[in-house]
Amino acid sequence: MVQQQLSRPRVLITGVSGFLGRWVATFATAHYEVMGTYFRHAVVLPGVRTFPLDICDPQAVADCVAHWQPEVILHAAVYIGEVTRMREVIVEGTGHLLRAAERVGAYFVYVSTDLVFDGEHAPYAETDPPRPVLPYGQAKWEAERQVRCFPGNALIVRPSLLCHLDPPDPRTRWVLKAANGQVEATFFVDEFRTPAWVVDVARALVEVMARRVQGVLHLAGPQRLSRYDLAVRLAHAWGLPSDRLRAGRRAESGLIRPGDTSLDTTRARRLLTTRLHSIDEGLQRPDISRCPDPAQKRQVPEPGDSGTWHTTPGGERST
Ligand SMILES: NC(=O)c1ccc[n+]([C@@H]2O[C@H](COP(=O)([O-])OP(=O)(O)OC[C@H]3O[C@@H](n4cnc5c(N)ncnc54)[C@H](OP(=O)(O)O)[C@@H]3O)[C@@H](O)[C@H]2O)c1
């Protein structure tokens, strides 16, 4: 048993105290010896060795990777907020990890975002040129450009919005608070995304690692939805009325937001056996949208607990 554990390939996952990283680490334990890093929120996950790491500390990153010698590094850590710090974590932190990965010859998977696109020419294929309009998207695009220069095997994955119904992810929690009248929030009817269930994306990432997919890969759901239509569906799935969810337009908010960053997922559908279900399908499938594991339920942070929770004047997280 111990021998079996030792002979498994090692994967180092950054950001396992986060929403996506936690799921990927959990699924990856079936195939890998999994090391997971957190920053400020210590986390315990069955079968995962977790420890703190600040990816902005180049020596700590180098030491960590040299110590564990992972075959795969999946980089999901992120900070979204104050711009200088955000750039430090997203751009410089990714650079430190890439240099460490190169030294041990690891396959590198970088989790990016659909917000590298300007929202004017959807749906976007992997070959379309990024033109970010938000500082977050700009930082992710700069990080992507570093990954493109990586001399070893590497993949850039671009998810759209990630969802989980129960326990609700931080954004869904915000929708539920708005539907309950606990907060006032505006949901845009003219901002479109291709949201996916986090469980599907996490499973797809584990498959991607096994297949050593390279280049750029869009991992998003098949259903294009406005932020408002998504919020209504999530509220109704919780048995809440949607009349308190305020519908609004981007232009009225004073915010600069990309209008439509829907992703073309043809490449993922050709390459992977993991299927990414639509929001409507997932709402009918408890195995995709609801969590059977009470340990996972306990560990989802409340909005405001995480350094990466931010609200816009419209009351939504800035991703
Ligand atoms: N969520 C979405 O809808 C969505 C959509 C598209 C793309 N993405 C991408 O998917 C990835 C995961 O997103 P997420 O929603 O899971 O993020 P998240 O829940 O905000 O988690 C962020 C993670 O990064 C860690 N972190 C923050 N600063 C760090 C630092 N200096 N050093 C090391 N770790 C640090 C956090 O650790 P602590 O909590 O312990 O401090 C946490 O584990 C990100 O790359 C994001 O850009 C997410």
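Gln 223 has its place in the loop between strand S11 and strand S12 (225–226), where strands (E, at least two residues) and helices (H or I, at least four residues) are DSSP runs numbered from the N terminus. This is a predicted model, in which local features need pLDDT of at least 70 and side-chain atom pairs count only at pLDDT 80 or more, while totals for chains, interfaces and linings use all residues. Residues are numbered from 1 along each chain as its sequence is written.

Is Gln 223 buried or exposed? A residue is called buried if 20 or more other C-beta atoms lie within 10 Å of its own, exposed if 12 or fewer do, and partly exposed in between, with C-beta atoms placed from the backbone. Gln 223 is buried, because 20 other C-beta atoms lie within 10 Å. Two residues are in contact if their C-beta atoms, placed from the backbone, lie within 7 Å; leaving aside its neighbours within four places in sequence, Gln 223 is in contact with Thr 194, Ser 278, Ile 279 and Asp 280. Gln 223 and Asp 280 are 57 residues apart in sequence, yet their C-alpha atoms are 8.2 Å apart in space.

From this loop we can turn to the sheet. Seven strands form an open sheet with parallel pairing, in the order S3-S2-S1-S4-S5-S6-S11, where two strands pair if DSSP finds at least two bridges between them. Strand S3 (48–52) and strand S11 (215–219) are the edge strands, each pairing on one side only. From one strand to the next the twist averages 20°, with axes being lines fitted to C-alpha atoms, for helices over the stretch in contact, and angles running from 0 to 180 degrees between N-to-C directions.

Within this sheet, S1 and strand S2 (residues 33–38) pair in the parallel sense over five bridges, and Arg 10 stands opposite Glu 33 in S2. S1 is mostly covered, since four of its five residues are buried. Strand S5 (residues 107–111) and strand S6 (residues 154–159) also pair in the parallel sense, over four bridges, and here Tyr 110 stands opposite Ile 156 in S6. Helix H7 (residues 198–211) packs on the sheet, where it touches strand S1 (10–14), strand S4 (72–75), S5, S6 and S11, and its direction makes about 165° with that of S6.

Leaving aside its neighbours within four places in sequence, Leu 205 is in contact with Val 24, Leu 74, Val 109 and Val 157.

Another helix to follow is H5 (residues 135–148), whose 14 residues should span 20 Å at 1.5 Å a residue, in agreement with its end C-alpha atoms being 20 Å apart; the expected span is 1.5 Å times one less than the number of residues. Among the buried residues of H5 are Tyr 136, Trp 141 and Val 147, and its buried residues pack against helix H4 (83–104), S5 and S6.
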